[in-house]
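We will go from the whole chain to single residues, one selection at a time.

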Amino acid sequence: MVCNGDVTTFCGGNGRMNVYDYNDAVTDIATPLPGTATSTTTGTSTAEPEPTVGPTDEGFEGWDSLGCYVDQIGLRTLAFGFPVAAPFTTQKCLNVCKANGYKYAGTEYGGECFCDNSFKNGGGPAPDGNAYCNMECAGAPTEICGGPNRLSVYENTEEPATTTTTGGGAGPTTTTTPPAAEPTDGWNDIGCYTDGAARALSHYEIVPGNTVEKCTAACQSGGYKYAGMEYGAECYCGNTIANGHTKATSGCDMPCAGNPEQLCGGPFRLNVWSFFDSGAPPTTTTTTSTDPEEPTPDPTATTAPGGVETGLPEGFDYYGCYIDGAQGRIMRFEQPGDPQMTVESCANRCNTLGYKVAGMQYSTQCFCDNYIQNGGTVTTEGQCNMACGGSASQKCGGPNRMNIYAKGDLETYQPPAVQDDDLPGEWEYKGCLVDDPVLRTFKYQLELAENNTATNCLSRCSEYGYGSGGMEFGKECFCGDYSEILAAGAAIRPESECNTPCTGNPEKICGGGGRISYYSWRGNLEKWNYPAGDAAGRYEFLIGGVVIPLITTPGINGKITFVEKFGTGALNTTGAYEFDPSLVPSMSAWREMTGIKTDVFCAAGLILPDKAGRQISIGGWANDATYGVRLYTPDGSPGVDGVNQWQENVNAVSLQIGRWYPTNMIMTNGSILVVGGQIGSNGAPIPNLEILPKPEGGYVKHCDYLERTDPYNLYPYLAVLPSGGIFVAYYNEARVLDPVTLDTVKELPNIPAAVNNFLGGRTYPFEGTAVLLPQLAPYSDPLRILICGGSTPGPEIAIDNCVSIAPDEPEAEWTIERMPNPRVISCMSALPDGTYLIANGALQGRAGFGTATGPNLNAVLYDPWKPLHQRMSVMANTTIPRMYHSEAQLLMDGRVLIAGSDPQDPRYDQEYRVEVFIPPYLTSGLPRPEFTIVDKDWAHNDRVEFTLTSGTAAKVSLIAADSSTHGNSMGQRTIFPEFTCTGATCSVVAPPDGKICPPSWYMMFVLSDDGVPSIATWVRIGGDPAQLGNWPDHPDFDVPGI
């Protein structure tokens, strides 16, 4: 079988393991592609021949291989299963099918044999070819015998039985149509009836070689008035048609096992015969689950047939002979057949596997479970009359009979019913829904092997914002939307087709084979808004670019710096430019810059709180670049070019440890915290923190959590909290650090990911995007942090939700809000009105070159002022894919600059065009407010005056300068401070301290009564407490002083 996380490697099979030996001498472990015969070993080895993947092209004598076909438990493609003597081989199965007159044979799961004269239940060639026909035959390891829900199918090429051609459908179209049986011994055929887990006829009879005559005779001898033949080989008896079952219009099309010229029902279909003279049988809704003629002993420990076994696991006792199959299998977990089985071997196997109940059936079959389900009842000991395969003195059940042994009290559960009450939230049951095993009805599937119930499954679905969901095949949970049902054309089927007990509650139904117990949420879990026209904003082309930016950073001079990794753009450029929006559309808006000496590929960036608002770039791609510290002092003004360049000298100023993919942040004391990364060029992790400027003697703090989560924790998200702690989020974890020692003071709950995969991540390479939500004076509410998008390991399906948390709350928990669509490698920009624009990215994949697909062209506006689960609006679309290395950066005029895309993928362009997204506050045509301010350098808690020169003032916002790369807006913060106006004279109060408002430069906006922002003015808040203005003290660097 191929591994579920990597279909190019094997992960064992039926009773088989791929085994690896840990040895220092071993330098390479073989991971053969399915179907290859690759082996890498040290020392002596004996290579076994690799199995053929899928049926052999040549077939076997008299049989042609048709390939790999889809199958479903309960809805079989080939209806008749036959036991095959061990050791199992393809030829033995073919012989069985031929001997019983069948045209088609199929092997499945390494040791199962199925036969039929036609393909049933829509079964046909697997859409993935032979990929999942990958299990060795139990008795022939060089052959393939199907796989999970896959049949290796063969057709008998010798002269077939009398047939009629039906046409249509996948695969061969020849079917056998048995004639109706003649009336026999006073019995009359009264038609085809439905059946289900709650049986139409209450008593099950064992009838080897089932025929109409044998089944009716067995029922008549038991005193029953009705006989029913089902699934070819099953015989049921009763005195009423119970549980509301009625005549069926189709489905009784399977020939009898003992006479292919007769019909014996079908899957959950009965050919019913009556011993009445005429007329329809009486019906009742009362279930009769046991034979009225047989005693039903209590399920208490008793003496085993043949005496007391001495080798049972401790605590195991004998509980009697139980009827199996009357209302479904009474135990779930069948073990591989064992011709030498004994009571002790079966019980010990179950005990070793952690089960409390062991059942022996048909001499060689061992079943394990923790309880008896489907109303299993005790019968007379004489019906368990088959000797164990490995001990003639012991009894190991019989046909549809089990000898049951259990540890402690034996729990027995009645046949399951639909859970349609006591449901969580607003869920309600809708019916039994079709689910195609390949083209699934719902996108998201969970495996709840031990605890699947409607409550558990549906609670998970609604927690992640899905309003449709349900359970299938006992252990599977599905979540999705009603639109997926419509797209799949999935129909509601009769309730009898959902008949499998839940793994978490055997008395409730969790779907069936290819059937979902379907539930729907009343109302909307998530309400997305769909504004139209100007209210949706719009994208506009701004200018042709000269560089594909890796990092964009706004300058206090009104311009934006673009820097790209080495080798991205043209060879005749420096890869560093400053963009002046005031000069658009002229290409003179671009000023080429020099001074960057090492590769900024995946570096970090910040705006320093020194009086010049210098920009810093830290770390990089490899070698010296990983130690790099680069500085630029913005100069010039809108419309006027500056002359300053980047400055770098890695031999004079550098990190203590080289870092690729680090994050940096200004601390409350004004120092620079640098976190994580790798050695460079996909190297080993750098699981530690350091401080710039380097403290005397240096300081590097090891972080076991960064070492443990490498390589999924790169570009972690950082934030100063109002408590003074430092929030750090990495991969799918988060914690709070002490601001002095940098020790962990609080571990937060793991970050939720996808509904079906908790291993999804939010930081590179599963790259999402994060922001701090607004802080409002008087700053009494805890700061919340919002993280949107990301991806999952394995298939790398992009995450379709945002999560938020207030880390300073005593019992902080994550809140999940579903997005309108999935998104990875995305960007998020804070807007002056306190909303956030989510843009760029892909629908599937992860960060990296050529590793994502399905551009997400849609913008989403997140509005934290609205109620939870109503905050997202689907905005305008762009026509330009923005994949890996794209950016979104707020401009001083309230527009959002959208740039970049460096996928290095032939499917998508290397993107130089620059766009702007115009939010709806600028599409209304309403006037902006205007203001002037003299004091632009504030201390914490200062009251500063400004003059409103035009319009109204309803709010003042402060948007911290941020440097953006890989969805990480380093330094971002949004603050709404206290302010007052008397006429045109206004004042604003700076936030109280560096915990609310870390030292930085902020864009100050005034918003009108209509929510339209002014043009921003840059102000500095909190000064330069670390005296970065005097650093670095080296002649290669210009410093502004303090």
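How many of the 1042 residues of the protein count as buried, as a percentage? The figure is 56%. Remember as you look that this is a predicted model.

**Stop 1: the whole chain**

Select everything and switch to a cartoon view. The protein has 7 helices and 76 strands. Now show the surface. The protein exposes about 40100 Å². Carbon and sulfur atoms supply 50% of that area.

Next, think about contacts along the sequence. Take the contacts between residues at least 6 apart in sequence. Of these, 66% join residues at least 24 apart.

**Stop 2: colour by confidence**

Colour the chain by pLDDT. The average for the protein is 88. A score of at least 70 is reached by 88% of the residues.

Select residues 23-57. Here the pLDDT is below 50. The model still gives this stretch 54 contacts beyond near neighbours in sequence. Then select residues 160-181. Their pLDDT also stays under 50. This stretch has 43 contacts beyond four places in sequence. Read both places with care.

**Stop 3: a disulfide between a strand and a loop**

A search of the whole structure finds 18 disulfides. We will visit some of them.

Select C68 and C133. A disulfide joins them, with an S to S distance of 2.1 Å. Where do these two cysteines lie? C68 is in strand β3, residues 63-70. C133 is in the loop between β6 (112-116) and β7 (136-137). The pair therefore ties together parts that are 65 residues apart in sequence.

Look along the S-S bond. Its torsion is about 85°, so this disulfide is right-handed. Are the two ends buried or exposed? C68 has 5% relative accessibility and counts as buried. C133 is at 0% and counts as buried too.

**Stop 4: two links between a helix and a strand**

Select helix α3, residues 343-352, and strand β22, residues 365-369. Show C346 and C366. Their sulfur atoms are 2.1 Å apart and form a disulfide. C346 lies in α3 and C366 in β22, so the pair ties together parts 20 residues apart in sequence. The torsion about the S-S bond is about 80°, so the link is right-handed. Both C346 and C366 are buried.

C350 is in helix α3 and C368 in strand β22, 18 residues apart. Which hand does this link have? It is left-handed, with -80° about the S-S bond. C350 and C368 are both buried.

Two further cysteines are worth a click. C827 is buried, with a relative accessible area of 2%. C997 counts as buried at 0% relative accessibility.

**Stop 5**

Select strand β52, residues 769-772. Show its side chains. T769 and V771 point one way. A770 and L772 point the other way. All of these residues are buried.

**Stop 6: an open sheet**

Strands of a sheet pair through backbone hydrogen bonds, either parallel or antiparallel. Here is a sheet to trace by eye. Its 4 strands have the order β66-β68-β74-β73, with antiparallel pairing. The sheet is open.

Which strands stand at the edges? They are β66 (930-933) and β73 (979-982). Each has a single partner strand, so one side of each is left without a neighbour in the sheet. Turn the view to see the twist. It averages 30° from one strand to the next.

Zoom in on β68 (residues 943-950) and β74 (residues 985-989). These antiparallel strands are joined by 5 bridges. F946 stands opposite C986 in β74.

**Stop 7: one serine and its contacts**

Finish at S1000. It sits in strand β75, residues 1000-1007. Its relative accessibility is 8%, so S1000 counts as buried. What does S1000 touch, leaving out residues up to four places away in sequence? Select P609, A961, V1019, R1020 and I1021 to see these contacts.

Terms used. Residues numbered from 1 in each chain as written. Heavy atoms only, no water. Disulfide = S-S within 2.5 Å. Buried < 20%, exposed > 50% of the residue type's maximum accessible area, 1.4 Å probe, protein only. Pairing = 2+ DSSP bridges. Axes fitted to C-alpha atoms, helices over the stretch in contact; angles between N-to-C directions. Contact = heavy atoms within 4.5 Å. pLDDT = per-residue confidence, 0-100. Areas by Shrake-Rupley, 256 points an atom, 1.4 Å probe, with all protein chains shown as cover.
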